[in-house]
Amino acid sequence: MSANGSGQLSADVITTDGSMQFRVTDGLGFYQRSETHCIEADNGQGTRFYLYLPKAIQSGSFSLGLTEGSPMVIHATGHSEAELYPGTLELTVGGDAQFAGQFSGMDANGLQVSNGSFRLENEVGA
C-alpha cells in the first residue's frame, strides 16, 4: 500500500543519446515493508526511481550495493529495472524532513546517474 507524500526527487541520467533530466516535484509514493522504507518517484513519462532504505537506517554515507541490508536505488524505464551499483548515497534521517539525501552511480544497464537528490517531508502518513 502506497501513501502519497510531499516531496521531490531529481536526477540526471546520462544515456548514449545525451543527458535526460528526471524531475518529480509534486509528490512521492511512500510505503513500508517489514524491514524496509520504500520511496518511489514516477515522472509520468515511463521513468521511475525507487529507494529502498532499511528500517533501522541512520543518517550517514553509504555505498550502494548488492549486499543484504544495504540501501538500494533502482532506476526503472519501461519494463526494465536496474539497481545503481556501484554508487553512493548521502542520507539524512529526521530533522526537517523524514528522509533527505543525494545519490549517484552506474545502473546495471550501464547508464550513469548523477546529481540525484530527494526529500520526503515529515507529514507522510502510513
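A salt bridge is a side-chain nitrogen of Lys or Arg within 4 Å of a carboxyl oxygen of Asp or Glu. Side chains of opposite charge can pair when their charged atoms come close. Keep that cut-off in mind while walking through this predicted model.

How many salt bridges does the structure hold? There are three. Start with Arg23 and Asp12. Their side chains meet at 3.3 Å, N to O, and that distance is within the 4 Å cut-off, so the pair counts as a salt bridge. Arg23 belongs to strand E3, residues 18-24, while Asp12 belongs to strand E2, residues 7-15. The two residues are 11 apart in sequence, so their bridge ties together separate parts of the chain.

Are these two partners buried or exposed? Arg23 is partly exposed, with a relative accessible area of 39%. Asp12 is buried, because its relative accessibility is 11% and buried means under 20%.

Now move along the chain to Asp96. Which residue does Asp96 pair with? Its partner is Arg119, and the closest N and O atoms of this salt bridge are 3.4 Å apart. Asp96 sits in the loop between strand E9 (80-93) and strand E10 (99-107). Arg119 sits in strand E11, residues 112-120. Asp96 is exposed, at 57% relative accessible area. Arg119 is partly exposed, at 24%.

Arg119 has another partner. It also forms a salt bridge with Glu121, where the closest N and O atoms are 2.8 Å apart. Glu121 is partly exposed, with a relative accessibility of 21%. Arg119 takes part in the bridge to Asp96 and in the bridge to Glu121.

How much space lies in it? The volume is about 160 Å³. Several stretches of sequence supply its lining. Arg33, Glu35 and Thr36 are among the lining residues, as are Tyr52, Leu53 and Pro54. The lining also includes Thr67, Glu68, Gly69, Ser70 and Met72.

Which strand gives the largest share of this lining? Strand E6, residues 47-54, does, with three residues. What kinds of residue line the pocket? Four are nonpolar, four are polar and three are charged.

How values were computed. Residues are numbered from 1 along each chain as its sequence is written. This is a predicted model: local features need pLDDT of at least 70, side-chain atom pairs count only at pLDDT 80 or more; totals for chains, interfaces and linings use all residues. Side-chain values use heavy atoms; hydrogens and water are left out. Helices (H or I, at least four residues) and strands (E, at least two) are DSSP runs, numbered from the N terminus. Buried means under 20% relative accessible area, exposed over 50%, partly exposed in between (1.4 Å probe, protein chains only). On a 1 Å grid over the protein atoms alone, a cavity is a set of points where a 1.4 Å probe fits but cannot get out, and a pocket is an open set with protein on both sides within 12 Å along at least five of seven lines; lining residues have an atom within 4 Å of a point. Grid points are joined across faces, edges and corners, and a volume is the space filled by probe spheres set on the points. Ala, Val, Leu, Ile, Met, Phe, Trp, Tyr, Cys and Pro count as nonpolar, Asp, Glu, Lys and Arg as charged, and the others, Gly among them, as polar.
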